[in-house]
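Here's a quick walk through a model, with a look at how its parts touch each other. Have the structure open while you read.

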Amino acid sequence: MSVFMDLNIISSNDKNRLKSIIETAAHLGYSTVAINYVVEPQQKKQEIPKPQSVSDIFDKFPIVQGKSSPIKVLNRLTIIASDASHFRPTNEYKSFDLVAVYPKTEKLFHAACMTFDVDIICIAVAEKQPFHFKRAPVNGAIDRGVFFETCYAAAIRDTTMRRYTIANAISLMEVCKGKNIIMSSGAERPLELRGPYDIANLGLVFSLSEGDAKAAVSTNCRAVLLHGETRATASGVVYTMKKPKTPQKQEEESPVSKKCMRCSAHSWCPVLTAT
Amino acid sequence: MSPELEKCPRSLLVCEKSNFLNEKSRHDIHVSKHNFNYKISVLIPDCEALPANISSAFHSFSSYYLVRELPVYQLLEETFIESHVKKGNFYALSYNTKIDEENTIALLSSGQLILSLDKDTYEQLGLEGRPSLYNHKKAMRFVVTLDLTDKSLTPGTKRYQRVLSSLKDRLPLRYDFLLTKYNTGSDEDQTLIKLLSQYSYEEHKPAFSHHTLKNIPCPTLYPSDIQGKTLSCDPHHFLEWLGAVNLDISCENAADSFLSTYVCPEPQSSVSQALLCTVTGFISPENVFVLLQELRQYIDEPKFTPWISLTVHGFMDSPVSWGATEHGFLKGGENLYNFVCFKNQDYWLHMATGAQDGCPP
């Protein structure tokens, strides 16, 4: 198993609140968290926020309870898409470590599973699932290495949402058979976080097996992070790094990397399927 | 309701009964094989004050060292192997590392160095190992076992060089370690301290505490009936009651109390006072054996005490439980054993483990 991660902590402008959430997460035993910037593009205007640099939040990151290393903090972007034009991968997406999409219609869900360049597809928790999950797009997403995410903070806030969360999660598990699932908090306050073993037990309520439930908080999250890293590479095999060189040499190198980007495929990647 | 919700992670309980004087009795093997002990608790019913010989046994426990940022290749250094590992009775365990999340290192007294590594570390380090027994669908944990007393790993051979260079140059692993050595002489301590002085370390003595419990019900146990069919109680209930007593949980099961519904198992008798001692730290099995001898001597003397219980808890995050049997952490990582000593040297031994553990010997 790998370290425990919580990949959905809603970002806020209040720095102190963010600090206290991350401290609580470190105290509960999470080794990695991801701050989620949620964007709902209205009409045609797309304003992707720039992620706050992680070192701005803390000078010294809190130490994870029971270990000697500090907590790792990443940035994540979630697009709430109700139209195909809402999701357009631009350069601004590259500044985030993880990209997620929350499809609102069946057509978008199918497109997200099969073609969109995302790491995570979010499942509705606050409302009844408007469409049923079909086996074909879900299996297509599993083959591509895309993960489905269930958040549990809504279940803590309200009893009606608790029913929707559990019902939607169970119907997803029936289709995907417990593969490629991650569970995360979606917490806006420190009190909405729960410990990793408790979330693994919650996975049992969602009809996951014990091993699958524990993997949903650890191993699968690690796979999502690796998938996010390889999004910036060519087939996960070749990646470009900025080297501090003279400007002449940089121009020579860019045509080579352009060739690699052109042949990068989204369908099959040796690294992704291996992990 | 999903069928998964009705299942609990499995646990194992092995119960043995024998006599200490029986030559085939394996109590010494069981004690010595359980390498890493965190907590020992002793319960003596019908006892007023701490007996002197038991108190001196507790205070004679060897001290342990907590070293910060010790590189793992240091455990392979020639002088270290000669002066400590080959002589035996040396134990080391990485501190503040979780067995189900990250890498854990352990050095057993038999000279085996066990590295329980996650997938990334294993692939980067490049040493030969095998996948863990408790992997789920994908192999995420690997175990590398190096026998430091083996001929192929004597300093100077190619394999030794390769292992040393992997741990020193390819992927220098550094962890906080707990070290202890059961020594009979004091000069060996000096070489260890000289080695440790290169790093920041602290010496600790195991923390000892005791108190007397008044008017508690104790189960009546008969040495012949370990299964609890006719005369004594069921071993599960007995161990549950013992845990409740250790944690100071009330076993009265009063009608208006919602906190605890634990009860003392039948048949029971009320005892006016009982002595409970606990010691926590990084305790070597030899110390446990010395304590066991003292307890056997105590119960041999004519007393009211019908039985004495000695419980030893292992570390939840150690990579091995008994010998080199792999140990994992699913929802809990308990691996403990419990001796119940009776008069005329009869004893019961219960060995309990959690879900991801091999069957105790």
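## Where the two domains of chain B meet

Between domain 1 of chain B and domain 2 of chain B there are 6 residue pairs in polar contact, both residues at pLDDT 80 or more. A polar contact here is a pair of N or O atoms within 3.5 Å; within protein, one has to be able to donate a hydrogen and the other to accept it, and residues adjacent in sequence count only if both atoms are side-chain atoms. On the domain 1 side, the elements giving two or more residues are β12 (268-283) and α8 (285-300) of chain B, with α8(B) supplying the largest share, 4 residues. (Helices, H or I, need at least four residues and strands, E, at least two; both are DSSP runs numbered from the N terminus.)

There's also 1 salt bridge between these domains. Arg130(B) and Glu326(B) meet in a salt bridge at 3.4 Å, N to O; the term covers a side-chain nitrogen of Lys or Arg within 4 Å of a carboxyl oxygen of Asp or Glu.

## How the model was read

This is a predicted model, so to speak of local features takes pLDDT of at least 70 and side-chain atom pairs count only at pLDDT 80 or more, while totals for chains, interfaces and linings use all residues. Residues are numbered from 1 along each chain as its sequence is written, chains are lettered from A and ligands numbered from 1 in the order written, and side-chain values use heavy atoms, leaving out hydrogens and water.

Chain B averages a pLDDT (the predictor's confidence in each residue, from 0 to 100) of 87, and 97% of its residues score at least 70. The model scores ipTM 0.86 and pTM 0.85.

## Chain B against chain A

Now for the partner chain. In chain B, 23 residues are in contact with 26 residues of chain A, contact being heavy atoms within 4.5 Å. Glu101(B), Met140(B) and Lys331(B) supply 28% of the area that chain B buries against chain A, more than any other three residues. Buried area is the accessible area (1.4 Å probe) that two parts lose on being put together, summed over both; for these chains that's about 2,200 Å², with 47% from carbon and sulfur atoms.

The two chains share 5 salt bridges. One of the salt bridges joins Arg222(A) to Asp120(B), with the closest N and O atoms 2.7 Å apart.
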